[in-house]
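Good morning. Please look at the structure on the screen, and I will go through the ligand site and then the chain.

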Amino acid sequence: MDCLFCNIAAGEIPAKTIYEDDLVMAFYDIAPAAPVHILVIPKPHIPSAAALTEKDAALVGHIFAVIARLAREHGFEEGFRIVSNVGALAGQSVPHLHFHLLSGRALAWPPG
Ligand code: AMP
């Protein structure tokens with residue numbers, strides 16, 4: 001398996017995991033862009049948000065419920081950003097769907 005996040009989901013590459021269940025995993029980004037920078041991934045391989053279909057509705061709903069729970073439990077629910085880069089032009093560097101959770105500082109809008 002040559003997908004970095006599949007390997008992290010399988011426990012073959014270590015990560016600073018903060019949440020895991022059968023469907024998703026959340027871990028700290030190795031190069032944080034904010035004081036709080038967490039990545040939330042589905043365990044099944046999905047290349048990006050552009051590959052999602054109706055059959056993924058429950059999985060994506062679950063991911064967002066996990067995100068809300070992380071925000072509550074880690075104390076950043078007052079202000080955070082969810083980002084999913086899609087494709088090289090948008091800066092996607094790992095071709096496995098992931099949601100960045102960014103918090104702990106003022107976040108400019110629009111993003112660069
Ligand atoms: P993107 O550029 O949107 O595809 O996001 C990929 C993110 O994965 C970047 O923020 C990287 O810093 C992060 N990343 C790359 N390798 C690892 C790793 N081994 N553990 C945790 N985060 C990683």
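Which residue has a backbone N or O atom 3.0 Å from an oxygen atom of the ligand? That residue is G91. I call this a polar contact, a pair of N or O atoms within 3.5 Å; within protein, one must be able to donate a hydrogen and the other to accept it, and residues adjacent in sequence count only if both atoms are side-chain atoms.

Before going on, the sources. This is a predicted model, where local features need pLDDT of at least 70, side-chain atom pairs count only at pLDDT 80 or more, and totals for chains, interfaces and linings use all residues. Residues are numbered from 1 along each chain as its sequence is written, and side-chain values use heavy atoms, with hydrogens and water left out.

The side chain of N85 has an N or O atom 2.8 Å from a ligand oxygen, and for the side chain of H100 the distance to an oxygen of the ligand is 2.8 Å. Taken alone, the ligand exposes 500 Å², and the protein buries 83% of that (Shrake-Rupley method, 1.4 Å probe; for residues, only the protein chains shown count as cover).

The shell around the ligand has 16 residues, and the closest are D29, N85, S93, H98 and H100. The shell divides into 9 nonpolar, 6 polar and 1 charged. Nonpolar here is Ala, Val, Leu, Ile, Met, Phe, Trp, Tyr, Cys and Pro; charged is Asp, Glu, Lys and Arg; the others, Gly among them, are polar.

Now the chain. The protein has 2 helices and 5 strands, which are DSSP runs numbered from the N terminus (helices H or I, at least four residues; strands E, at least two). Their order along the sequence is α-β-β-β-α-β-β. Both α1 (4–9) and β2 (24–28) supply at least two shell residues, and α1 gives the largest share, 3 residues.

Last, a cis peptide bond joins W109 and P110, with omega about 0°. P110 is in the segment after β5 (99–103).

How values were computed:
Near = heavy atom within 4 Å.
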